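Visitor: I have a model open and I'd like to learn how to read it. Could you walk me through it?

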Amino acid sequence: MENCRRDWNKVKKKITRCIAILQRDLPDIHISEYPTKHIFIGNAGLTTNADESSLVELITSVGCGLEALTLLPGKQYSFASFTSPEQARTVLMAAHGHLGVQGSISPVYMAYVDKVPMDPSPIKFRFPPGLSVLEDFVSPKEELLLMNLVDWGASPSSTAQGSVLKAPRIVDRGCMPSLPDQLTINRYLPGQGIPPHVDTHSSFTDELLSLSLGGGVNMDFRYVGGSGSNSSTIEGSRDKPPHYVVYLPPRSLCVMTGPARYEWSHGICPRMTDVVASRNSVTGLQLLPRQERISFTFRKIRHGECSCQNASVCDSYGKEQKNSSKGESKRSTSPCDLPNDRSAARIEREHVLQVYDQIAEHFSVTRHKPWPQVLEFVLSLPQGSLLLDVGCGNGKYMGHNKQVFQVGCDTSFELMKICNNQGFEVLTSNCLQLPYRDSVFDAAVCIAVIHHLATEKRRLAAVREMVRVLNVGGRGLIYVWAMEQRRGEKKSTYLKQNKEGSVAAEMIKDQNSEEKALPNYHHDRCLQKVEMVRSGATSLPVHVNRTEFMQQDMLVPWKLKPPKKNESRCERRRCDRGCGMVHGSRSNRTQSSEPTVDSLQITNSCDVLASQENVRCDNCHSKSRKKIVCAETRPDQVFHS
Ligand SMILES: O=C(O)CCC(=O)C(=O)O
Ligand SMILES: [Fe+2]
Ligand SMILES: [Zn+2]
């Protein structure tokens with residue numbers, strides 16, 4: 001008796017939930033307390049793998065008089081119509097909460113309804129603007145070769161050699177203006193999908209290309225563009241933004257551009273079958289079982305911010321306002337919370353990112369000597385530590401402590417290439433949006449980076465972001481350029497010896513509060529460097545090198561000097577004798593003479609680097625100021641650090 005009541009309550013709950021879904025989807029259809037000719041069947045629709053024949057089998061096993069079945073694409077319910085209400089009642093009494101369709105253990109939930117939907121296909125097989133699907137983009141042979149490029153754990157039948165898909169095809173056929181530089185490979189087993197999303201505007205440029213291999217799939221596109229420029233041309237009611245289902249056949253290339261890329265989300269519903277349009281079937285629909293599908297998504301990395309101007313979908317737009325309305329004290333873990341004032345982002349793009357991309361080679365040649373205090377910090381980390389270098393530049397602090405696992409990131413792709421060539425684990429990322437989980441690193445360094453950010457808010461956000469990824473108890477080290485290049489009468493090495501001044505702020509992540517952690521150590525100096533007022537974003541004065549800084553925010557020129565003839569340089573590489581350190585190696589390099597460019601260095605208070613003993617590198621024989629000894633191999637040898 002008790003069991004029976006419990007079961008009945010469960011059935012009541014389920015049918016209430018099913019009816020709520022129906023009322024949300026089709027508010028014109030009403031539930032009837034009394035038997036009618038039509039039954040709503042919850043938990044049995046095309047998305048639960050019910051089809052016409054399984055429903056007919058269920059209904060005819062308990063009753064008769066079935067006149068019609070209505071199945072809707074993308075829905076987990078269906079409708080049955082009978083010749084009389086009595087026949088409908090017989091079926092409902094026997095099946096509701098008890099029986100399931102063939103192959104399913106979960107029962108169906110039924111209710112009488114006043115009518116059934118007239119249009120059996122409320123989902124439109126239409127394309128959002130900016131979307132195209134190029135069928136037969138690769139041949140069956142190319143498809144096989146591409147699928148075999150990836151070893152998913154099981155042994156592939158053959159291994160493809162060489163370039164299979166000639167990348168220019170993407171350009172030749174106008175899918176992208178230039179070659180993609182990013183490839184994501186996804187593998188979907190039947191039943192798997194990807195949640196609806198818009199690929200981050202600031203991460204990738206306009207065109208997104210998805211090549212379907214193996215199986216086809218229905219991709220769902222939903223308009224998310226709010227009051228964007230194209231919204232007036234999009235059909236769909238105010239409450240229900242349009243939702244289009246686009247079938248991507250195997251070997252097709254789906255090209256998302258413009259609105260389809262920026263203002264529509266795309267996703268794949270996790271299910272075993274897809275309803276696709278079919279010319280051969282009476283209903284115009286066909287149920288296709290999913291196959292294993294491998295997608296190659298080609299994209300181009302965006303350097304800088306997106307300029308789409310669509311505030312509701314763009315991560316490069318309007319975040320500052322949203323932030324302040326939410327309240328400043330909220331911790332910013334999501335990219336949406338980041339300050340993003342457009343002019344600041346533009347200054348950083350033009351005067352930092354683009355400059356570093358241009359000077360990367362020269363910068364790397366002239367900036368290979370680690371600052372001793374930073375090196376000391378890196379070397380002090382215990383075995384097994386996970387260390388992050390935020391804004392790692394050419395990787396001069398990487399690879400020194402072989403006992404730690406170190407990763408780095410920097411906004412300059414060219415600098416990341418240099419690191420990558422040295423075998424360092426790096427990725428391209430802005431320090432305001434670190435692509436790491438909360439509290440993962442035991443230590444983090446951020447050396448001469450934060451002064452490149454153009455507003456106080458952004459500098460603080462960068463520090464917060466660094467704290468976010470630090471473990472509780474983790475240690476962070478931040479250096480920024482100093483504005484004051486004198487201590488009393490004493491000039492800094494920057495003024496005296498062409499060496500940069502700096503100030504250090506060391507912090508330890510507080511056990512209880514991340515926010516409190518910042519001023520814990522070197523309070524005044526730490527805050528001094530971030531509490532700066534910008535003097536006007538677009539008219540920054542240009543600093544004269546090796547002179548005192550006139551104000552905090554200035555453009556500091558970088559002179560790209562062509563190397564002297566036969567000038568050799570010391571290129572850092574990992575020790576091939578197994579000590580794990582990074583040493584120098586000689587390489588002759590000529591450099592093209594490029595124009596002088598400005599780089600934004602926002603300066604702050606002063607510290608003088610300790611001068612080092614002058615030693616000669618045993619490897620390339622040029623002079624270095626820092627002596628690093630490869631202890632495990634030949635303690636007598638001296639290399640560049
Ligand atoms: O699998 C696909 O076709 C789409 C993948 C995708 O949207 C993504 O990785 O962002
Ligand atoms: Fe995507
Ligand atoms: Zn955008």
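Visitor: What should I know about the source of the model and its numbering?

Guide: This is a predicted model, where local features need pLDDT of at least 70 and side-chain atom pairs count only at pLDDT 80 or more, while totals for chains, interfaces and linings use all residues. Residues are numbered from 1 along each chain as its sequence is written, chains are lettered from A and ligands numbered from 1 in the order in which they are written, and side-chain values use heavy atoms, with hydrogens and water left out.

Visitor: Which residues are around ligand 1?

Guide: A residue is near a molecule if one of its heavy atoms lies within 4 Å of it. Here the residues around ligand 1 are Asn186, Tyr188, Ile194, His197, Asp199, Ser210, Met219, His266, Arg293, Ser295, Thr297 and Arg299. For the classes, Ala, Val, Leu, Ile, Met, Phe, Trp, Tyr, Cys and Pro count as nonpolar, Asp, Glu, Lys and Arg as charged, and the others, Gly among them, as polar. That gives the shell three nonpolar, six polar and three charged residues.

Visitor: Which side chains have polar atoms by an oxygen of ligand 1?

Guide: Look at three of them. Serine 295 has a polar side-chain atom 2.7 Å from an oxygen atom of ligand 1, for arginine 293 the distance from an N or O side-chain atom is 2.8 Å, and for arginine 299 a polar side-chain atom lies at 3.3 Å. Taken alone, ligand 1 exposes 290 Å², and the protein buries 93% of that (accessible areas come from the Shrake-Rupley method with a 1.4 Å probe; for residues, only the protein chains shown count as cover).

Visitor: Is aspartate 199 buried or exposed?

Guide: Buried means under 20% relative accessible area, exposed over 50%, partly exposed in between (1.4 Å probe, protein chains only). Aspartate 199 is buried because its relative accessible area is 6%, whereas histidine 197, at 25%, counts as partly exposed.

Visitor: And what is the geometry of the zinc ion (ligand 3) site?

Guide: Four donors count as tetrahedral if all angles lie between 85 and 135 degrees. The angles among the four donor atoms of the zinc ion (ligand 3) are 94 to 125°, and the site is tetrahedral. Its protein donors are His201 (ND1), Cys306 (SG), Cys308 (SG) and Cys314 (SG), 2.0 to 2.6 Å away, spaced H-x104-C-x1-C-x5-C along the chain. Cysteine 306 is buried at 3% relative accessible area, and cysteine 308, at 25%, is partly exposed.

Visitor: Where does histidine 452 lie?

Guide: Histidine 452 sits in the loop between β20 (441-447) and α11 (456-469), and is buried, since its relative accessible area is 7%. A polar contact is a pair of N or O atoms within 3.5 Å; within protein, one must be able to donate a hydrogen and the other to accept it, and residues adjacent in sequence count only if both atoms are side-chain atoms. The side chain of histidine 452 makes such a contact with that of tyrosine 356 (3.2 Å).

Key. Donors = N, O, S within 2.8 Å, 3.2 Å for Na, K, Ca; no water. Tetrahedral: all angles 85-135°; square planar, octahedral: opposite > 155°, others 65-115°. Helix = DSSP H or I, 4+ residues; strand = E, 2+ residues; numbered from the N terminus.
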